[in-house]
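Subject: Structure handover

Hi,

Here is the structure I promised to pass on. Please open it first; my notes follow below.

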Amino acid sequence: QLQLVESGGGLVQPGGSLRLSCAASGSTLDGYAIGWFRQAPGKEREGVSCVSGDGDSIDVVDSVKGRFAVSEDRVKNTVYLEMNNLKPEDTAVYYCAANSEWYYFCSGYAPRWWHSWGQGTQVTVSS
């Protein structure tokens with residue numbers, strides 16, 4: 001059974017960078033689309049980025065495009081979210097999750113479509 005664990009969050013100043021990791025266990029990542037999400041206090045969980053099951057299709061939402069990038073290391077069974085030029089509005093708990101059906105491309109970020117949620121990692125952007 002696939003399990004995902006996020007790490008790499010922390011406190012960073014505006015304009016700074018962080019790299020989050022989503023480490024998989026119990027199964028390889030092959031065939032799973034992996035999505036990154038975030039949830040700020042008082043707000044709904046929103047999708048940030050996704051890599052398809054074959055690893056060839058990557059989506060980044062407009063609000064972070066040009067600042068965030070997703071990559072994966074199949075050998076380490078880990079997906080990364082590289083976050084640059086961070087802004088206070090990026091402050092949130094960041095989660096990763098899996099989708100077993102989206103092999104060639106990601107089809108959306110509605111939380112009900114995703115499973116194997118990690119516990120989240122806090123990212124705080126503040127001076």
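From the N terminus on, the elements run β-β-β-β-β-β-β-β-β-β. That is ten strands and zero helices. Helices (H or I, at least four residues) and strands (E, at least two) are DSSP runs, numbered from the N terminus.

Some ground rules. This is a predicted model, in which local features need pLDDT of at least 70 and side-chain atom pairs count only at pLDDT 80 or more, while totals for chains, interfaces and linings use all residues. Residues are numbered from 1 along each chain as its sequence is written, and side-chain values use heavy atoms, with hydrogens and water left out.

Overall shape

The C-alpha trace spans about 40 × 25 × 25 Å along its principal axes.

Of the 127 residues, 47% count as buried. Buried means under 20% relative accessible area, exposed over 50%, and partly exposed in between (1.4 Å probe, protein chains only). The accessible surface comes to about 6400 Å². Carbon and sulfur atoms hold 48% of that surface. Areas come from the Shrake-Rupley method with a 1.4 Å probe; for residues, only the protein chains shown count as cover.

Contacts reach along the sequence. Among those between residues at least 6 apart, 60% join residues at least 24 apart. Contact means heavy atoms within 4.5 Å.

On charge, there are 10 positive and 14 negative groups, and their mean positions are 5 Å apart. Lys and Arg count as positive and Asp and Glu as negative; His and the chain ends are not counted. Each charge is placed at NZ of Lys, CZ of Arg, CG of Asp or CD of Glu.

Aromatic rings

The structure holds seven aromatic pairs. Rings of Phe, Tyr and Trp (its six-membered ring) pair if their centres lie within 6.5 Å; planes under 30 degrees apart count as stacked, over 60 as edge-to-face and the rest as tilted.

Take Phe37 and Trp114. Their ring centres are 5.3 Å apart and their planes stand at 75°, so the pair is edge-to-face. Phe37 sits in strand E4 (residues 33-39), and Trp114 in the loop between strand E9 (92-99) and strand E10 (121-125), so the pair ties together parts 77 residues apart in sequence. Phe37 is buried at 0% relative accessibility. Trp114 is buried too, at 5%.

Tyr103 and Tyr104 make another edge-to-face pair, 4.9 Å centre to centre with 90° between the planes. Tyr103 is partly exposed at 39%. Tyr104 is exposed at 59%.

One aromatic cluster takes in Phe37, Tyr95, Trp102, Tyr109, Trp113, Trp114 and Trp117.

Contact lists here leave out residues up to four places away in sequence.

- Ser21 lies in strand E3 (residues 18-25). Its relative accessible area is 15%, so Ser21 is buried. Its contacts are Val5, Glu6, Ser7, Trp36, Thr78, Val79 and Tyr80.
- Phe68 is in strand E7 (residues 68-73). Phe68 is buried at 5%. Leu81 is 13 residues away along the chain, with 6.8 Å between the C-alpha atoms. Phe68 touches residues including Arg38, Val48, Val60, Leu81, Met83 and Tyr94.
- Thr121 belongs to strand E10. Thr121 is buried at 10%. Ala92 is 29 residues away in sequence and 8.5 Å away in space, C-alpha to C-alpha. Thr121 is in contact with Glu6, Ser7, Gly8, Gly9, Leu20, Ala92, Val93 and Tyr94.

Positive phi

Which residues that are not glycine deserve a look for a positive phi? Asn85 has a phi of about 45°. Asn85 is in the loop between strand E8 (78-83) and E9, and is partly exposed at 42%. Ser116 has a phi near 60°. Ser116 lies in the loop between E9 and E10, and is partly exposed at 22%.

Best wishes
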